[in-house]
Amino acid sequence: MKALILEEIGKLALREVPEPEPGQGETLVAVTRCALCRTDAKMWLRGQRDLVLPRVLGHEICGVRESDGQRVAVWPAESCGKCSHCMAGSENLCGNIRVLGFNKDGGFAEKVMVGESSLLSLPSALGDDLACLAEPLACAINALEQSETPRGANILIFGAGSLGLLLALAAIDLGAIPTIVEINRDKLHRSRMFRIGLGIAAVESPGSGLFDIAINACPASETFHQGVSRLKPGGIFCMFSGFNQDENFPSCWINEIHYRQLRVVGAYGCARSHFTKAVNLLDRSQDEVRLLIDKEIDLESAPEGLQEILAGQALKIEVVFR
Ligand SMILES: [Zn+2]
Ligand SMILES: [Zn+2]
């Protein structure tokens, strides 16, 4: 089968490799779509904490289970199923988790080997073009859950990239009111159809209003200061993206957390329950979500696609296997 392999940092190579052999409890999935993620691009060029090389990247996957021809979305992880985090439904915190495209081979290949319990059958009306976006949407749903989002909450979202927009979609589904901040005019423009469809306000700076929750869907560390200073007393800042550079945060920023009794929470990846909710929300929001897909490419073109994603020139690009 064909697979795009990250052999070393900076070196992606299209190779012919043997099909993986499923072990106990595993199954082969013929990949139909794998969406490109900014994290894939960053891993290619800079590495990542959880990346183990060589590796087939790609963690936004859907396909067909070989054993029965069922269309499935792939929750891109395998957890131990026994630890306290797994038992509590927070599998993404499992100490023994393996994640497809990070430390287990992912979806930039014609076939991927997956644990049976990581597969979710797709509703018949949900196309593969949308189903492969279940993972990023599930991560957004996790962030809103960590932020304890109530109905009517005003949420400040930094970044009008695909994750910021999926956060807004999931926030509206919870009855919350998102406002997106995006300093890049091209990105504001690129996201307009999606935002108009959902009636989401977007601004170049957050102004003077106060919010219940702030979430960063971009790596700029200034978003921490901006977010914290725009929170109501008792508000929550959710760190959804890691920050770009090493940064010494001035104590006056951190003291805001103390004086106004703010909370800072983290969100990383998604659990199975978030993934199930995401597939359901995609099914209910098909027309809107389709507006995020800029381009469909073949596996050979994935490196150029990743460059475009990294440069912020596209919202979502999907590799299509025929
Ligand atoms: Zn991703
Ligand atoms: Zn576990």
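Tutor: The second largest pocket holds about 200 Å³ of space, where a pocket is, on a 1 Å grid over the protein atoms alone, an open set of points where a 1.4 Å probe fits, with protein on both sides within 12 Å along at least five of seven lines, and lining residues have an atom within 4 Å of a point; the volume is the space filled by probe spheres set on the points, which are joined across faces, edges and corners. The model is predicted, with local features needing pLDDT of at least 70 and side-chain atom pairs pLDDT 80 or more, whereas totals for chains, interfaces and linings use all residues. Residues are numbered from 1 along each chain as written, chains are lettered from A and ligands numbered from 1 in written order, and side-chain values use heavy atoms, without hydrogens and water.

Among the lining residues are Ile141, Glu145, Asp173, Lys277 and Arg284, and by class the lining has 5 nonpolar, 2 polar and 5 charged residues. Helix 4 (134-146), helix 5 (162-173) and helix 10 (272-284) each supply at least two lining residues, with the largest share, 4 residues, coming from helix 10; helices here are DSSP runs of H or I with at least four residues. Domain 1 (2-136 + 269-320) and domain 2 (148-266) each contribute at least three residues to this lining, the bounds coming from an automatic or database domain assignment.

How values were computed: Ala, Val, Leu, Ile, Met, Phe, Trp, Tyr, Cys and Pro count as nonpolar, Asp, Glu, Lys and Arg as charged, and the others, Gly among them, as polar.
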